[in-house]
Structures are given as C-alpha cells and as structure tokens.
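Please read it alongside the sequence and structure shown here.

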Amino acid sequence: MARRFTSPLAFLDRFFPRREEAHGIVPSSLAPLRRRLQVYRSPAQNYSLGGSLTLTHNLGGVPDLVQCWLECDTAEGSYEVGDQILYSDGATGAARGLSIGRTSTQLNIRYGTLAVEIVREDTGTAFVVTPANWDWLFVAVRFGI
C-alpha cells in the first residue's frame, strides 16, 4: 500500500543524507550545514493518556526544533495504516495533546489525561485518536550555527 503522506524524515534524508548512506559524499553546498546539523530520530513510541516518556537525544545541547509525528497502526478516522501526520496541538486549555520539555540530553514528554485530537483527512472535523491505533515519532534537531 502506498503511503499518502511524506515520511517525517524524508526532507532530512533527501537534502541532508546520512553520511553512511551517502558514503561520505555530500554536495559541497550542503556540506557546511550538514556538519553542524544534528538530528535525533526516536523509534516508534506507544502512549497512554496521562503518561510520560523520557527520550535521550545525545545532541550535545538543547534542540532548536522538535517535531511530533503520529503514525497510524490501525486504520481510523480516514487514515490508513502507515500514514504519518505532523501533530499540531490545537488544545483548548483542556488536558489534551502533549507537552515537551527539552534539556541538553533529553526530551521529556507528558501526554494529556483527556485525549489526543487530530483532524480527519476526509472531512476536516476533529476526532479523538485511539491510543492503541497510533505511534508517536519524535524528531529533534540542533542546528549548531
């Protein structure tokens, strides 16, 4: 089945290839940026409402950017298995969504006690995801500029 969404890491992999994948060959115009760009990519993470998670990123400093992605494991809400969506918390003050604390060594994630809501692809209306049907992927980037 073809994925309808771009992998959260596709941009980085395409424009900033990992050295081992590129066999040490990086286009000269990107080489200075690639040397300073540090990226942490978490493995898929399960979650539970009200739960917490600590991930060690080893970036050597506080990340400049953290992205949260949801990956569908069981089809629901118009999404198919394997679909990945960038999570954008639109919480309205209730204990929904998640928060992320950043330190020089870790990401400290706390999930809300009520729900995680996303927007349906087909209708644009909000729906509450079933925790067992989705995994979280976290990407932390330190620019080192």
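In strand β9, Trp-136 is the bridge partner of Leu-70. The model is predicted: local features require pLDDT of at least 70 and side-chain atom pairs count only at pLDDT 80 or more, while totals for chains, interfaces and linings use all residues. Residues are numbered from 1 along each chain as its sequence is written, and side-chain values use heavy atoms, with hydrogens and water left out.

**Strand pairing**

- Strand β3 (residues 65-72) pairs with β9 in the antiparallel sense, over eight bridges; strands are DSSP runs of E with at least two residues, helices are runs of H or I with at least four, and both are numbered from the N terminus.
- Two strands count as paired if DSSP finds at least two bridges between them.
- An antiparallel pairing over three bridges also joins β3 to strand β4 (residues 84-86).
- Leu-70 has Ile-85 opposite it in β4, and Trp-136 as its bridge partner in β9.

**Aromatic pairs**

- The model contains seven aromatic pairs, defined as rings of Phe, Tyr and Trp (its six-membered ring) with centres within 6.5 Å; planes under 30 degrees apart are stacked, over 60 edge-to-face and the rest tilted.
- One of these is the tilted pair of Tyr-111 and Trp-136, with 5.7 Å centre to centre and 45° between the planes.
- This pair links distant parts of the chain, 25 residues apart: Tyr-111 lies in strand β6 (residues 106-111) and Trp-136 in strand β9 (residues 134-142).
- Tyr-111 is buried at a relative accessible area of 3%, and Trp-136 is buried at 0%; buried means under 20%, exposed over 50% and partly exposed in between (1.4 Å probe, protein chains only).
- Tyr-111 and Trp-136 belong to one aromatic cluster together with Tyr-47, Tyr-87 and Phe-138.

**Cysteines**

- The model has zero disulfides, a disulfide being a pair of cysteine sulfur atoms within 2.5 Å.
- Cys-68 is buried at 9% relative accessibility, and Cys-72 is buried at 1%.

**Confidence**

- Mean pLDDT is 80 for the protein, and 71% of its residues reach 70 or more; pLDDT is the predictor's confidence in each residue, from 0 to 100.
- Confidence is highest in strand β2 (residues 52-56), at a mean of 96, and lowest in helix α2 (residues 19-22), at 46.
- Residues 1-5 have pLDDT below 50, yet this stretch has 15 contacts beyond near neighbours in sequence; a contact means heavy atoms within 4.5 Å.
- Residues 19-23 also stay under 50, with five contacts beyond four places in sequence.
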